[in-house]
Amino acid sequence: MTTADQRETDDEPDAITDLLVGGMTCAACVGRVEKKLGRVEGVTATVNLATGRARVSHPASVTAEQLISVVESAGYTAELPPPPAEEQHADAAREQRKAGAGISDRGRLLITAWLSLPVLLLSMVPSLQFTYWQWLCFNLAVPVVGWSAWPFHERAWKGLRHATATMDTLVSLGVLASFAWSTYALYFGGAGQPGMRMPFSLVPEAGSGSAHLYLEAAVSVPLFVLAGRYLEERAKQGTGSALRALAELGAKDVELREGDQGRRVPVSALRVGQEFLVRPGEKVATDGVVTDGSSALDLSLVTGESVPVEVGPESAVVGGAVNAGGLLVVRATAVGADTQLARITQLVSDAQAGKARIQRLADAVAGVFVPAIVTVACTVLGFWLGAGADASAAVTAAVAVLVVACPCALGLATPTAFMAATGRGAQLGVLLRGPEALERLRHIDTVVFDKTGTLTTGRMTLNATAVVAGEDASAILRLAGAVEYGSEHPIGRAIVSAARQAADGGQLPPVADFRAVPGVGVHGRVDGHEVVVGRPRPDSPLPDTLQQALDDAQASARTAVVVERDGRPVGILAVGDTLRPSSYSAVRHLRKLGIEPILVTGDGPAAARAVAEQVGIDEVHAEVTPEGKTAIVARLRDEGCRVAVIGDGVNDAAALASADLGIAMGGGTDAAIGAADITLVREDMQAVVAAVQLTRRTLSTIRANLAWAFGYNIVTVPLAATGWLNPMFAAVAMSASSVLVVANSLRLRAYSPPGHRYRSAPASASADKGGPTPPSAEDSNTASPLEEIR
């Protein structure tokens, strides 16, 4: 499916097209497809061996059909991928087509094993060798060499026609050379005589003359390579399982609400503005707003949030969440590609289509690897013959060189690890835009935090209630909430929300004679009392208890309002932005990882300093404009810092784009998310720590994969060239190398960053910095808004 990513250039806008490329087996194939596409004017391509996808940037005048034709001219198949929602059905259809065209990969492997095992046993166990055993082995080897290895011969021939060599070239040459020598030995070298016996050695032995057979190498190479590629393909599917799981999360059908009746239709028929029912146990069909009912939603599959979220009327819900409680009526606000789940799936898919710098190096090496190995094999053959060695020993060494060399591991080392990491990151609530983000995050040493909406929730809540002696805090809050019910001010909504939570059944008493005075407050009659909720008045002194509460609120950068009943001040309500429960632990863990936090906000100094003290940040910049944030980032970078910026608003977009790495909150604006390299799906600051830890583990996995891929070839090729490696065991080693690389990458799927679920600070945690003890997550979540300040 063509992705319309239009980017302005001097000539014409570019388009981005994804292609599914079939027939690629190693990194040399990747280089061949990229080179072929790159020869078309204005076209650049990035091909991923692990996903089998090519992402092509091309002028709008170049059609997808032309790109497919170019790939096919290189000897590979290509097609446009289906939409994510249809990916599973498309995979099944491709498997059916493959099965209809011939035997499956698994079937070919089983038949090859059935034919090869007798040959291996007879060749390796001299005591089993009977009269004319060699001719039985020859007859069993013929279908293996001709039919089982046919895919390798076919792809090798296609490569030869295009003047390129791939892993299949090495396998084909190794099989044919082993079989050709064995055929010569049987017919012309005396190996076909009755009673012929052949000893087996782990290390090839010279001096055996032309009577030695290599039928075990001729059958073992196809057997073990087919087995390795079968296991490799299964493992590669595992690395992309997270993306497939995301695509499958959405509901397949939905029950539309039509009056008192419901009608079930496919999700594709749902439109924005329509209302639909979500019964207990069902998935929310699409993003929307609850219009009726209350329940708890399990968001673990979508955002990684382990605790169900309570929702009610006017609560926003996301598609893919599972309804764990009551019946909900939801009004759709986004459908199709506009939903959060669809955007997450697309971000993960885009990230897996990218290529890291280190992978480009591996691909460049693999591009010359196969021709170099063929040259080495020819050189080894000529050297052994020129040195007077037996022809059989020379052939053995040359075949071992061809078979043992493995560029597959080089091509799979990075993309499989990155696929597993991006999938695991999505499960942890971290979306990486591409491999470059992963590489840059590894080197970050400074994080610039925004305050509102990042370290704090960005929503006004009631933080504290103080009342005069003899009054009941619940009753005072109930009166204030009743009067504020008619107010649209954020402070009023925060008070109403707290009052409804505290009231029995969530009901507030009616208010009469309501009136609002802008900039002053609200008035009304509740239960026969004149109630005023508004700003403190200089001409109205407060009792000592309330004055102390007012001073404490102002010192904490909170907004305080006075509640008067019948002309007498009876309470103070302190309202303010709430610190995210995970902010303190996130800052603390970042420091442990060697990353220095800085707070940069447009809020006043008091509010900024209050939040900084709670989370443990030393460097604070308050009353900073969007341009000022960008200037601070530029200064830090000039000082040699590797800077990441975390924000959620339009005013953060410029700083996000100018930093070495931009991290946006998933609930932030589209401008912030668009400018960021990483998006935190769930609004949990601990996800930042999880991202850093996952990145470091991923890069260490990639380094281990590449070290193995390079080290394996550096060690085994000389062993084969000097005659210390039997071709059969060379085939085993070559197949195992690719499987080991993919299996090592698969470990990332189960990676759990240390402490990523840790959300609260212990009572003694502040001793690290000598500051005040921050509130724990449990305190932040369960503390009553009726807390009295005495």
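Helix 17 (residues 473-484) and helix 18 (residues 490-502) pack with their axes 8 Å apart, at an angle of about 130 degrees. This is a predicted model: local features need pLDDT of at least 70, side-chain atom pairs count only at pLDDT 80 or more, and totals for chains, interfaces and linings use all residues. Residues are numbered from 1 along each chain as its sequence is written, and side-chain values use heavy atoms, without hydrogens and water.

**Helices 17 and 18**

- Helix 17 and helix 18 are therefore oblique to each other (angles under 35 degrees count as roughly parallel, over 145 as roughly antiparallel, 65 to 115 as roughly perpendicular, the rest as oblique).
- Helix 17 supplies Leu477, Ala480, Gly481 and Glu484 to the contact (heavy atoms within 4.5 Å).
- Helix 18 supplies Gly492, Ile495, Val496, Ala498, Ala499 and Ala502.
- The contact of helix 17 with helix 18 has seven nonpolar residues, two polar and one charged.

**Helices 5 and 7**

- The axes of helix 5 (residues 133-148) and helix 7 (residues 167-188) come within 11 Å and cross at roughly 150 degrees.
- That makes helix 5 roughly antiparallel to helix 7.
- Residues of helix 5 in the contact include Trp135 and Phe138, and those of helix 7 include Phe179 and Tyr187.

**Cysteines**

- A disulfide is a covalent bond between the sulfur atoms of two cysteines.
- The count of disulfides comes to zero (cysteine sulfur atoms within 2.5 Å).
- Cys29 is buried, at 1% relative accessible area, whereas Cys378 is exposed, at 52% (buried is under 20%, exposed over 50%, partly exposed in between, with a 1.4 Å probe and protein chains only).

Technical notes. Axes fitted to C-alpha atoms, helices over the stretch in contact; angles between N-to-C directions. Helix = DSSP H or I, 4+ residues; strand = E, 2+ residues; numbered from the N terminus. Nonpolar A, V, L, I, M, F, W, Y, C, P; charged D, E, K, R; others polar.
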